[in-house]
Amino acid sequence: MSDASYRDAIFTTPLDKVARFSFDERVVACFPDMIRRSVPGYGQILGMLGLIAARHLRHGAHVYDLGCSLGAASLALAGQLPEDAFRLTAVDISPAMVGRARETLAAECPQHAIEVIEGDIRTLDYVPSGMVILNFTLQFLPPEDREALLARLHAALEPGGVLVLSEKVVDPDERDNAWRVERYHDFKRANGYSELEISQKRTALENVLVPDTLEAHHARLARAGFTRSLTWFQYLNFASLIAFKEA
Ligand SMILES: Nc1ncnc2c1ncn2[C@@H]1O[C@H](C[S@+](CC[C@H]([NH3+])C(=O)[O-])CC(=O)[O-])[C@@H](O)[C@H]1O
Ligand SMILES: O=C(O)C(=O)Cc1ccccc1
């Protein structure tokens with residue numbers, strides 16, 4: 001089992017040409033460290049997922065963790081809810097992520113009904129479910145594919161079901177956006193990233209992670225069928241929304 005986790009040093013040395021960011025073996029090996037040092041509020045959001053599930057899930061309902069990476073959201077739910085509370089399908093398109101997620105979830109919560117699937121969340125067949133988690137995943141889909149996915153997820157949700165959508169966001173006001181991004185870079189520096197690492201990662205994420213405004217998210221959720229959505233968390237340019245399917 002390869003459950004070692006390393007410090008993120010992906011962008012420490014100068015690169016002639018910065019390649020597009022991808023969820024390959026190198027990223028997988030340092031992913032827990034990378035996401036913890038790069039996403040403000042990541043741990044707090046994970047902690048809240050279990051509380052949201054406890055409040056909104058019918059006993060035994062199905063849950064999806066879409067773009068699960070190493071399964072942190074699934075683990076958070078399993079850590080906070082009993083084995084028979086839910087069944088869960090975790091999905092990721094990166095074979096390296098799926099391999100590690102399977103190992104981790106089998107080792108950490110063998111009694112919970114959790115399966116890990118390698119696949120594209122845009123084309124998956126969804127079973128009726130009570131909760132769908134998109135924790136920093138929608139931002140990696142081509143913008144033109146986002147609404148169709150949300151509409152399919154709305155259709156799969158049972159009445160009273162919830163979608164939790166966490167995303168990096170942009171502020172429509174240029175000055176406010178610049179302030180958030182500058183303080184986000186301060187956050188990264190405070191977490192040990194150098195100027196070079198910050199700037200090379202920024203280049204690698206261009207046209208790969210394409211953030212929307214909160215306004216665009218709420219409008220898209222409404223078009224996808226969600227009659228109500230709200231932003232329950234924001235920390236600089238990172239936010240989490242919850243959208244409700246009418247009961
Ligand atoms: N079309 C797709 N289908 C399936 N997976 C995809 C697709 N596109 C991208 N991914 C996957 O979405 C994940 C995004 S990371 C999620 C963190 C996790 N949720 C966490 O709570 O730790 C966010 C981040 O690294 O900022 C990656 O594992 C991709 O392979
Ligand atoms: O590091 C960044 O700039 C981010 O936006 C967060 C992030 C975290 C992990 C993978 C990709 C992006």
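User: Which residues surround ligand 2?

Analyst: Ligand 2 is surrounded by Met34, Ile35, Ser38, Val39, Lys168, Lys201, Leu205 and Leu209. They belong to its shell because a residue is near a molecule if its C-beta atom, placed from the backbone, lies within 6 Å of it. The model is predicted: local features need pLDDT of at least 70 and side-chain atom pairs count only at pLDDT 80 or more, whereas totals for chains, interfaces and linings use all residues. Residues are numbered from 1 along each chain as its sequence is written, with chains lettered from A and ligands numbered from 1 in the order in which they are written.

User: Which residues come nearest to ligand 1?

Analyst: Of the 20 residues around ligand 1, the nearest are Gly67, Ile93, Ser94, Asn135 and Phe136. Two or more residues of that shell come from each of α3 and β2 (86–92). The shell around ligand 1 comprises 12 nonpolar, five polar and three charged residues. Gly67 itself sits in the loop between β1 (61–66) and α3.

User: Which residues does UniProt list for "binding site"?

Analyst: The unreviewed UniProt entry lists Tyr42, Gly67, Cys68, Ser69, Asp120, Ile121, Asn135 and Arg202. These positions extend over 161 residues of sequence and are also spread in space, up to 25.2 Å between C-alpha atoms. UniProt positions follow the numbering used here, feature names are shortened, and annotations may be inferred rather than shown by experiment.

User: Why is α2 called oblique to α3?

Analyst: The axes of α2 (residues 42–56) and α3 (residues 72–80) come within 8 Å and cross at roughly 55 degrees. That angle makes α2 oblique to α3, because under 35 degrees is roughly parallel, over 145 roughly antiparallel, 65 to 115 roughly perpendicular and the rest oblique. Axes are lines fitted to C-alpha atoms, for helices over the stretch in contact, with angles from 0 to 180 degrees between N-to-C directions.

User: Which residues of α2 and α3 meet?

Analyst: Leu46, Gly47, Leu49, Gly50, Ala53 and Ala54 of α2 meet Ala72, Ala73, Ala76, Leu77, Gly79 and Gln80 of α3. Contact requires C-beta atoms, placed from the backbone, within 7 Å. The α2–α3 contact holds eight nonpolar, four polar and no charged residues.

User: What makes α5 oblique to α8?

Analyst: The axes of α5 (residues 143–156) and α8 (residues 214–223) come within 8 Å and cross at roughly 50 degrees, which makes α5 oblique to α8. Arg146, Glu147 and Leu150 of α5 and Arg220, Leu221 and Arg223 of α8 form the contact, and its residues divide into two nonpolar, no polar and four charged.

Key. Helix = DSSP H or I, 4+ residues; strand = E, 2+ residues; numbered from the N terminus. Contact = placed C-beta atoms within 7 Å. Nonpolar A, V, L, I, M, F, W, Y, C, P; charged D, E, K, R; others polar.
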